[in-house]
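Here are my notes for you, written point by point. Keep the structure open beside them and look up each residue as you go.

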Amino acid sequence: MSGNKEQQPQFLPRASFQRLIDALRAAGHRCIGPRVKDGAIVYEALERADELPSGIAVDQSPGQYRVRETPATPRQFAWANGPQALKPLLFAPRETLWRATRSADGTLSFAEAAVHAEAIALIGARACDLAALALQDQHFLHCQYPDPHYAKRRERLFIVAVNCSHPADTCFCASTGDGPRAESGFDVALSELDDGFVIESGSARGKSILDGLGLDPARAGQVQQAHTESEHAAAVQQRNLPSRNLRDALFMNLDHPRWADVAERCLSCGNCTSVCPTCFCHAENTVPSLDGKDSEQVREWDSCFTRGHSYIHGFTVRPDTRTRYRQWLTHKLGSWHDQYGRSGCVGCGRCISWCPVGIDITEEAREICGDDA
Amino acid sequence: MNPHLPRDAEIIERIDESPGIFTLRLRLTDLGERTAYRFAPGQFNMVYLHGAGEVPISIVSDPESPELLDHTIRAVGRVTNGLAKLRAGDRVGIRGPFGRGWPLDQARGRDVVIVTGGLGCAPVVAVINYLFAYRGHFGHVTIIQGVKHSSELIWRERYAEWAKLPSVQVLLSADHGGPLWPFHVGRVTDVFDKAHLPGDAVAMLCGPEIMMQIAARQLAARGIAEDDIYLSLERNMQCALGHCGHCQFGPDFVCREGPVFAYPHIKPLFSVKGF
């Protein structure tokens, strides 16, 4: 995949959106896209364009996420993001890695678990989530031991990005440099206008899908309107993180009283790490069969907010919420720079919306770093 | 090759070292895997007990004989208590070796100081064996080993043998001595006054972190360069591949960048509780 635009922007009329879905399906992809379910916008199977969340807006604020109807707009992507990023599609929340079997003579044999890797076309990826995907790629793929499960799914993922025009109050991607416009990492990118979409390809397979649609080139005014909406989406963002590297400022302030202050509010529930598109921690659990003959090794998302995360034989390195929140923030905004050359935060704001007590990462970082930032 | 997948290994011998501490001598059952296996002193394997789980255990045997892999284990948790029940002929899984071991190239031609506490001696026994196997390549060797209670000292005969060798000093210490304990009683760091600690030595430390903190400071105060002090860290390791995140110590994954680190690299966070 390449970030370079492979062709001139074209225009996909809203009434033709189904043709895009059909073309992706004809190319062998199962389409997944945003749908309203249980009061949130989630990625689900998508077969028809009218299943998209038409006339829907989302209000987000610290500790708050509410879907509401706005019949006035024909738009289907006039909202920022739901609780899911691309993470669950590639880094499965729970999956079996291998199975061990003990034969009658006691010998152990180990078999790789089959990887469930469908060809998926994901419609609606946001710029922040593409930035997070690039970080997960670094962690799971571009390393000494590439993860075979992640690798197979990644290879089969086709991405249709949608540029953000309606950021949430919790969004701050403009300050982290990750949005609101998707610059790379997609196969096809859409910019939604009232009557349709400016559509561009970002890869050879994206171009091939677009070529098959036989669309007209987008008019200059339409391309300009898409850019204006992106600029507006950046300008209206209220929150921000300092755009410079906060590593030194954070590690200079490990004894700051704010850590104890946030620990008074934090429930150590791990919601932030579940919705974070870059958090990669996971546990390995051994699950034996009842007769003890077979056993499965199961990988499952874990969180640095649990007691077990830092446990070593009778000793817990991080026994309290203060040290766990400090671990999370100094890692996310600090050590990530050493590990992956940039901060681990892409400004999606999910950890703010989905925190049951509304802790705001941008506020905590600012308080803790103070003048050192 | 799938890095998650363990290999079948047979327990060739089980050795009781002290109450609660035992060594499993393992051999990969697949001949091809066995002959291809290599490790460096200080590296570890993930040892799998069927139906119970994997634990990281350092390899203490001779790296020149990698077809037999000794793992010295203290029974302290669910998996290690299960491993303690195994006997010769039983099977386990192993995955490895992982991590970076001791800086043997850097120590070549120089004096070596080894400071260990408790079962911390296990990961460096492979180093000590290596130093004596290639005796001509290293200078004076100082071995300082401390335990909580004198009954916990394992490999007492080995220390006695090493102490007889030329250009070797062995200092043993127990927080609580017993009737047959002729050595120092008190903190392991107390014996530093008696120790031969040349300023140009390379030091290797392993054991409880508070012991290593004090030892590293004392060695540095006595003239050993901080760059020449190495420590082996322990953290929760579940995948050993640098993926699962549990063993992170600041920017490092202990399973990958460690478990052996140069002191200056970990010093900023080493005395901060919670990392």
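1. Start with helix α13 of chain A, residues 361–369, and bear in mind that this is a predicted model. Which of its residues are buried? They are A:Ile361, A:Thr362, A:Ala365, A:Ile368 and A:Cys369. Those residues cover an arc of only 140° around the axis, so they end up on the same side of α13(A).

2. What do the buried residues of α13(A) pack against? Their partners in chain A are α8 (247–252), α9 (257–265), α11 (321–340) and α12 (350–353).

3. Two packed helices are described by the angle between their axes and the distance between the axes. Here the axes come within 8 Å and cross at roughly 110°. Angles of 65 to 115 degrees count as roughly perpendicular, and α9(A) and α11(A) are therefore roughly perpendicular to each other. On the α9(A) side the contact uses A:Trp259, A:Ala260, A:Val262 and A:Ala263, while α11(A) brings A:Thr321, A:Arg322, A:Tyr325 and A:Arg326. Sorted by class, this contact has 5 nonpolar, 1 polar and 2 charged residues.

4. Now for a sheet. In chain A, 4 strands make an open sheet, in the order β7-β6-β14-β13, with antiparallel pairing. Which strands stand at the edges? They are β7 (108–112) and β13 (282–288), each with a single partner strand, so one side of each has no neighbour in the sheet. From one strand to the next, the twist averages 25°. Zoom in on β6 (residues 94–102) and β14 (residues 294–301) of chain A: they pair in the antiparallel sense over 7 bridges. A:Arg99 stands opposite A:Glu296 in β14(A).

5. What are the neighbours of β10(A) up to? Strand β9 (residues 157–162) of chain A runs parallel to β10(A) and is joined to it by 3 bridges. Strand β11 (residues 196–201) of chain A runs antiparallel to β10(A), with 6 bridges, and a hairpin links the two through 2 residues. A:Ala189 is a handy place to look: it is the bridge partner of A:Ala161 and also of A:Glu200 in β11(A).

6. Chain B has a covered strand too: β5, residues 69–74, with 6 of its 6 residues buried. B:Leu69, B:His71 and B:Ile73 point one way, and B:Asp70, B:Thr72 and B:Arg74 the other way. Strand β2 (residues 21–28) of chain B pairs with β5(B) in the antiparallel sense over 6 bridges, and B:Ile21 has B:Arg74 as its bridge partner.

7. Last, the place where the chains meet. Here 34 residues of chain B are in contact with 42 residues of chain A. On the chain B side, the elements giving two or more residues are β4 (53–58) and β6 (91–98). By class, that side has 10 nonpolar, 16 polar and 8 charged residues.

Methods
Residues numbered from 1 in each chain as written. Chains lettered and ligands numbered in written order. Predicted model: local features only at pLDDT ≥ 70, side-chain atom pairs only at ≥ 80, totals over all residues. Buried ≥ 20, exposed ≤ 12 C-beta atoms within 10 Å, placed from the backbone. Arc of directions from axis to C-beta. Contact = placed C-beta atoms within 7 Å. Nonpolar A, V, L, I, M, F, W, Y, C, P; charged D, E, K, R; others polar. Axes fitted to C-alpha atoms, helices over the stretch in contact; angles between N-to-C directions. Parallel < 35°, antiparallel > 145°, perpendicular 65-115°, else oblique. Pairing = 2+ DSSP bridges.
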